[in-house]
Amino acid sequence: MSGEHWFGAGWTEVKLNAISAYSTFFTGAIGRKFDIWYVDPFAGTGSRSSEEEVGGIFEGEPFSTIEKRYPGSAARALTVDPPFHHFRFGDTKKQHIQALEELVAFYPEKDAKVIRKDANDFVRGMFGDPFWSDPNGRGKGSRALVFLDPYGLEVKWSTLEALANCQKADVWFLANLKAAVQQLSHDHAKLDDGKRRALCEYFGTDQWEAKFYSEAPSGGGLLSFMDERKKRSASKAEIADFHRNQLEGLFKYVSPPLPLAVGSVDDYFLLYCMSNNPAPAARALIAKGANWVIQKYKQASHHKSALREGVR
Ligand SMILES: C[S@@+](CC[C@H](N)C(=O)[O-])C[C@H]1O[C@@H](n2cnc3c(N)ncnc32)[C@H](O)[C@@H]1O
C-alpha cells in the first residue's frame with residue numbers, strides 16, 4: 001500500500017477505539033431502520049505508522065525503537081460489524097488519496113468513495129445538499145456518522161453549522177484544545193488578523209476576544225501609557241468551557257468530552273459527540289451510546305501506554 005502516514009501514539013488508538021465502539025453501537029442500533037453512512041473528511045491514508053520505544057527494566061529487554069503500522073479510521077470503518085451501507089472518505093493530500101483508493105479497492109462490493117477536497121468544502125457541499133438538508137428530501141431515511149479528525153483547528157464553524165442544520169448526523173469532533181490555547185497568545189498585542197480570523201472561524205463568534213482578554217493592572221510608571229496592557233486572563237478550562245457552550249448553542253446534544261492526554265498534557269484533545277436530531281428519543285439513544293463509549297475509554301486515555309508520545 002502506498003503513502004505511509006506517520007502520526008499519533010497510544011492516545012490515537014484510544015480515540016480510534018472510541019470511534020469504532022460508537023460505530024458498532026450506531027450500526028447495530030439503527031442499521032436495519034435507516035440507510036447509514038460513514039463520513040470521514042480527514043481520513044488520512046487508512047493506516048497509521050508509528051515509531052515506538054519498547055523495552056526497559058520492566059520488560060526485561062534493552063530499550064529499542066520499532067516501527068509499527070495500525071489500521072486508521074477508514075480501514076476500521078470498512079470492517080465495522082454490522083456494516084455501514086455507504087462510506088465517504090476525504091483528504092487533501094495526493095498520496096493520502098491514492099492510499100485511500102487502494103484501500104477501498106479491497107472492498108469492491110461496498111459503496112465507498114474517496115474525495116480529494118478540503119474537509120470544510122466536502123462537508124458543507126455534502127450536507128448542504130437537499131438530500132441531507134431537506135427534512136422531506138430523498139435522504140429522509142438516511143443517517144450519518146461523521147468523524148472530524150483534524151490535526152489542528154481546521155474545522156470551521158460553518159462546517160459544524162451544515163452538520164447541525166441537516167439534523168441527521170451524529171458528529172464526533174476532535175477539538176484540539178492545545179492548539180486553540182496556543183493561538184490565544186498571552187499578550188493581546190500579538191493577536192494578528194490571521195489568528196483573529198482563524199479563532200473566529202473556530203469558535204463561531206468574535207466574542208472570545210472580550211471574554212478572554214482583560215486589562216492588566218497598570219504599574220503606574222511614567223512610560224506605562226506605552227505598554228500594551230491587555231493580557232489573556234482566561235484559563236485553559238475557561239477556554240474549553242467557552243467552546244463547549246458555543247457547541248451547545250448549535251447542537252441539541254453535546255456529550256461530555258472524552259479528554260485525550262498527550263505526554264504530560266491531560267486535556268490536549270477533547271473528543272465530543274454531538275447531534276441535532278430533533279427527536280428526543282433519538283437523542284436519548286445517542287447519549288446512551290456516547291456515554292457508554294466515554295466511560296469505557298476515559299480510563300484508557302490516562303493509561304501510561306496512551307500517554308506516551310510517538311517518537312515520530
Ligand atoms: C489526524 S490525520 C487523520 C487521521 C485519520 N483519521 C486516521 O485515523 O488515520 C488528519 C488528516 O487530515 C488531512 N487534512 C489536513 N487538512 C485538511 C483539510 N483542510 N481538509 C481535508 N483533509 C485535511 C491530513 O492530510 C491528514 O491526513
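**Entry 1: Phe89 and the cores**

I started at Phe89 and, leaving aside neighbours within four places in sequence, found it in contact with Tyr38, Asp40, Ala43, Ala74, Leu78, Leu100, Val104, Ala112, Lys113, Val114, Ile115 and Phe122. Contact here means heavy atoms within 4.5 Å. A note on what I am reading: this is a predicted model, where local features need pLDDT of at least 70 and side-chain atom pairs count only at pLDDT 80 or more, while totals for chains, interfaces and linings use all residues. Residues are numbered from 1 along each chain as its sequence is written, and side-chain values use heavy atoms, with hydrogens and water left out.

Next I looked up the nonpolar cores. The term covers a set of buried Ala, Val, Leu, Ile, Met, Phe, Trp, Tyr and Cys residues joined through side-chain atoms within 4.5 Å. Buried means under 20% relative accessible area, exposed over 50%, and partly exposed in between (1.4 Å probe, protein chains only). The largest core has 46 residues, and those with the most contacts inside it are Tyr22, Tyr38, Phe84, Phe87, Phe89, Trp172 and Leu271. Helix H1 (residues 10-30) gives this core its largest share, 10 residues. Helices (H or I, at least four residues) and strands (E, at least two) are DSSP runs, numbered from the N terminus. Another core, of 45 residues, lies apart from the largest one and has Phe127, Val171, Ala234 and Ile239 among its members.

How much of H6 is buried? I found 7 of its 10 residues buried, so H6 is largely enclosed by the rest of the structure. The buried ones are Trp157, Thr159, Leu160, Ala162, Leu163, Ala164 and Cys166.

I then took the pair of helix H4 (residues 119-128) and helix H6 (residues 157-166), which pack at an angle of about 25° with their axes 9 Å apart. That makes H4 roughly parallel to H6. Angles under 35 degrees count as roughly parallel, over 145 as roughly antiparallel, 65 to 115 as roughly perpendicular and the rest as oblique. The axes are lines fitted to C-alpha atoms, for helices over the stretch in contact, and the angles run from 0 to 180 degrees between N-to-C directions. From H4 the contact uses Asn120, Val123, Arg124 and Phe127, and from H6 it uses Ser158, Thr159, Ala162, Leu163 and Cys166. By class, I have 5 nonpolar, 3 polar and 1 charged residues in the contact of H4 with H6. For these classes, Ala, Val, Leu, Ile, Met, Phe, Trp, Tyr, Cys and Pro count as nonpolar, Asp, Glu, Lys and Arg as charged, and the others, Gly among them, as polar.

H6 also packs with helix H10 (residues 236-250), at an angle of about 35° and with axes 10 Å apart. Here Trp157, Leu160, Glu161 and Ala164 of H6 meet Gln246, Leu247 and Leu250 of H10. The residues of this contact divide into 5 nonpolar, 1 polar and 1 charged.

Most residues other than glycine have a negative phi, and most peptide bonds are trans. Gln167 sits in the loop between H6 and strand S7 (169-176), and at 28% relative accessibility it counts as partly exposed.

Which bond is cis? I found a cis peptide bond joining Asp81 and Pro82, with omega about 0°. Pro82 belongs to the loop between helix H2 (73-78) and strand S4 (86-91).

Pro41 lies in the loop between strand S1 (35-40) and strand S2 (47-56), and at 1% relative accessibility it counts as buried. Not counting residues up to four places away in sequence, Pro41 touches Gly90, Asp91, Ala119, Phe122, Val123, Val146, Phe147 and Leu148.

Ser185, in the loop between helix H7 (177-183) and helix H8 (193-203), is buried with a relative accessible area of 9%. Beyond residues up to four places away in sequence, Ser185 touches Lys190, Leu191, Lys195, Tyr213 and Arg232.

Phe242 is in helix H10 and is buried, with a relative accessible area of 9%. The C-alpha atoms of Phe242 and Trp208 are 7.8 Å apart, at a separation of 34 residues along the chain.
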